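Visitor: I have the sequence and the model open. Can you walk me through a few spots?

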Amino acid sequence: MHCLGLKYFNKNQVESILEKAVYFKSTKNYTKSLQDAIVVNMFFENSTRTKTSFEIAALKLGARVVNFDYTKSSLQKGENWIDTITNLNAMHPDFFVTRHAYSGFAYYISQFTQANVINAGDGTNEHPSQALLDLMTMYEHKKDIENLKVCIIGDIINSRVARSHMYLAKMFNWDLSFYGPSTFLPQNIDIKIEKDLKQAISNKDFVILLRIQLERKSGVNIPSLGEYNKFFGIKEPIGAYIMHPGPVNRDVELDSTVYIDRNVLITKQVENGVFVRMAIFDFCISN
Amino acid sequence: MRTIIHSGLVIDPANNIQKIADVVINNDKIELVGNANGISIDNEIDASGLVVCPGFVDLHTHLREPGFTKKETIQTGSLAAVAGGFTSICCMPNTNPPIDSELVVSYIKNKALEAGFCDVYPIGAITKNQEGKQLCNYLSLKDAGCVAFSDDGKPVFDPNLLYTALVYTKDIGTVFALHEEELAFSKDGVINDGKVAFELGLKGIPNISESIMIARDIEILRSVSQARLHICHVSAKESIELIKKAKKEGLHITFEVTPHHLALTEDEVYNYNTYAKVNPPLRSKEDLDMIKNAFKQDLVDAIATDHAPHELDTKNVPIQEASFGISGLETAFGVVNTYLVKQNIISLQKAIELLTIKPAKVFGLDAGTLSEGSFANIVLLDVNKQWVVDTNEFKSKGKNTPFNNKTLVGSVEQTIYKGKIVYRR
């Protein structure tokens with residue numbers, strides 16, 4: 001089974017991934033469910049956390065990992081997408097883990113392969129493993145993932161993390177809201193928008209901060225990072241837990257002095273990422 | 001040599017005819033519409049149960065030749081035209097080289113004559129090489145046979161250049177057919193800027209990218225009162241409001257709607273369906289409702305296909321890289337009949353008018369009627385036949401359409417061009 005996005009998953013499926021991730025973390029019992037499986041990592045965008053995390057997760061389950069380097073691939077010689085995927089598919093890998101700046105890229109790949117495709121982030125569409133590791137981190141801190149109050153602050157229009165969270169919000173009946181400069185918020189879309197920063201962070205279980213993604217042109221929609229920090233950045237500890245998918249622009253979304261506060265769960269998220277990705281591999285291969 | 005088409009329901013909006021009648025063809029011309037009793041005939045075509053109407057006129061066809069013959073040729077494109085009931089098509093100049101010289105005009109006209117399926121009217125470029133910089137030789141191009149001017153595929157960025165072109169041509173009675181798009185809003189856009197774009201994470205093309213250019217060009221038109229503008233493939237509700245006002249004011253402005261914009265919405269693009277990627281994009285339900293309203297109010301001047309054939313290699317790629325465009329000639333009537341006539345938005349007669357005499361008038365073409373003495377360009381329609389679109393059966397090289405596998409009502413049964421049967425279903 002593919003993991004292309006949370007829009008394709010139901011609540012039961014998400015819960016079973018979460019349970020498995022928690023089980024892996026607590027028991028360290030890694031049932032080599034990917035023994036001898038071949039995982040091809042195809043990352044067309046830079047990544048520290050996600051790529052390493054998927055790789056470690058695969059290794060822990062007994063898989064072998066091949067890193068496809070597009071800069072040295074025949075795509076550079078003009079080979080087209082279908083031929084590239086068809087040829088890689090002919091080598092019968094068990095998984096493609098893909099990241100690309102194109103929304104829909106993982107879905108596109110899945111049309112041309114029998115391997116399980118896992119979306120490690122596609123453009124501004126979805127980042128399912130990130131949302132699931134956020135969910136696991138929430139579970140660890142609240143023990144209940146139903147009816148949470150969550151606000152996401154940042155460039156919502158360009159955020160694949162925010163979109164994946166919208167599907168979680170529907171499944172678990174969250175009160176999910178958004179905040180940021182108006183140019184970061186979709187117009188004419190039926191979502192809840194907070195009216196100021198104070199509202200955005202008050203009476204919340206979790207506040208998720210998003211990175212100002214300069215590579216996705218967040219920059220042209222705000223005058224400056226300094227003004228963003230002044231009016232939309234978190235400069236002191238707040239009542240809610242703070243999460244961030246990383247990488248953090250320190251002193252833009254989040255001041256360095258707050259980063260070390262105990263309510264900031266960023267490092268926990270990264271730790272949980274490995275277990276969630278193990279659970280995703282395990283879920284995909286056994287379904 | 002005389003042929004009679006008998007027992008059909010003749011609909012000829014140009015002459016306000018809608019009745020069971022005979023149509024008598026003498027060689028390549030229409031001799032009579034009415035009762036053919038007593039006239040000696042050589043051939044007969046039984047049109048019982050069918051509608052007999054003038055061959056359709058398309059103001060917006062991409063024939064891709066010269067330059068892009070993998071996508072379409074004048075031969076395949078004009079065969080696709082008659083398979084769709086069109087006997088007069090106007091071809092857009094975004095070829096390679098573009099239609100910006102008399103040489104290319106005569107190349108196209110010769111190729112079209114060679115094919116011999118239908119009339120092909122070249123549309124000249126507004127600017128040399130469609131680069132938006134230098135005016136074309138409008139007077140020479142018009143003499144050579146260009147029926148209008150357009151930089152279709154691209155907007156005319158420079159308002160002063162468009163103004164100058166309109167002033168220069170104001171006495172020759174030509175039309176500028178404008179692709180309205182402000183790239184500052186639409187650059188890198190893939191589909192309509194709306195709920196589907198947000199959900200799929202795709203960069204949107206907002207309505208304002210179209211309407212702001214129409215607003216600008218209405219201002220230009222107002223300052224050159226003899227000029228005439230035709231707005232291509234209108235898709236946004238705001239655009240319709242602007243044009244409606246300009247028409248009320250008495251400005252010489254006309255507009256066309258494509259079959260896909262009068263039938264489909266952005267919902268077609270779910271699952272990253274590249275076949276529904278088109279520019280301007282399929283819009284929201286509100287825009288579609290406004291377009292249907294415009295038909296109800298009789299505001300629309302023409303239905304034009306924007307037939308944009310592509311080889312499938314340019315569609316079977318991630319949607320960001322996919323070409324814009326829909327192959328539209330062969331589904332046009334079925335779509336119009338299914339989505340407008342059968343849904344009681346407009347009458348069959350009105351639909352035929354929008355496919356025949358109305359577009360002919362926009363570009364001043366001698367086409368779109370069954371008047372006695374005119375060329376016998378005739379189409380026979382079965383307006384109740386259900387059929388499933390199968391692009392494998394297309395005459396066009398372009399198999400790119402979101403209507404593939406959809407069921408349509410209304411088929412083109414036979415097309416006659418200058419007295420000869422050029423298509424039979």
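**A threonine in a loop, and other places**

Guide: Start with Thr401(B), whose side chain reaches the backbone nitrogen of Phe403(B) at 2.9 Å, a polar contact (a pair of N or O atoms within 3.5 Å; within protein, one must be able to donate a hydrogen and the other to accept it, and residues adjacent in sequence count only if both atoms are side-chain atoms). This is a predicted model, where local features need pLDDT of at least 70, side-chain atom pairs count only at pLDDT 80 or more, and totals for chains, interfaces and linings use all residues. Residues are numbered from 1 along each chain as its sequence is written, chains are lettered from A and ligands numbered from 1 in the order in which they are written, and side-chain values use heavy atoms, with hydrogens and water left out.

Visitor: Where does Thr401(B) lie?

Guide: In the loop between strand E15 (378-388) and strand E16 (407-417) of chain B. Helices (H or I, at least four residues) and strands (E, at least two) are DSSP runs, numbered from the N terminus.

Visitor: Is Thr401(B) buried or exposed?

Guide: Thr401(B) is buried, because its relative accessible area is 1%; buried means under 20%, exposed over 50%, partly exposed in between (1.4 Å probe, protein chains only).

Visitor: Which residues is Thr401(B) in contact with, leaving aside neighbours within four places in sequence?

Guide: Tyr275(B), Ile326(B), Ser327(B), Thr391(B) and Phe394(B), where contact means heavy atoms within 4.5 Å. The C-alpha atom of Thr401(B) is also 8.2 Å from that of Gly325(B), 76 residues apart along the chain.

Visitor: Which residues of chain B lose the most area to chain A?

Guide: Phe198(B), Tyr272(B) and Pro318(B), together 42% of what that side buries.

Visitor: And how many residue pairs are in polar contact across that interface?

Guide: Nine, with both residues at pLDDT 80 or more. The rule finds zero salt bridges there; a salt bridge is a side-chain nitrogen of Lys or Arg within 4 Å of a carboxyl oxygen of Asp or Glu.

Visitor: On to helix H2 of chain A. Which of its residues are buried?

Guide: Thr50(A), Ser53(A), Phe54(A), Ala57(A) and Ala58(A). Seen down the helix axis, these fall within an arc of 130 degrees, so they line one face of H2(A); the arc is that of the directions from the helix axis to the C-beta atoms.

Visitor: What do they pack against?

Guide: Several elements of chain A, including strand E1 (38-43), strand E2 (64-68) and helix H10 (266-285). Just after H2(A), Gly62(A) takes a positive phi of about 95 degrees.

Visitor: Where are the cis peptide bonds you'd point out?

Guide: One joins Gly246(A) and Pro247(A), with omega about -10 degrees. Another joins Asn279(B) and Pro280(B), with omega about -5 degrees. Pro247(A) is in the loop between strand E9 (241-243) and helix H9 (256-259) of chain A.

Definitions and conventions
Buried area = accessible area lost by both parts, 1.4 Å probe.
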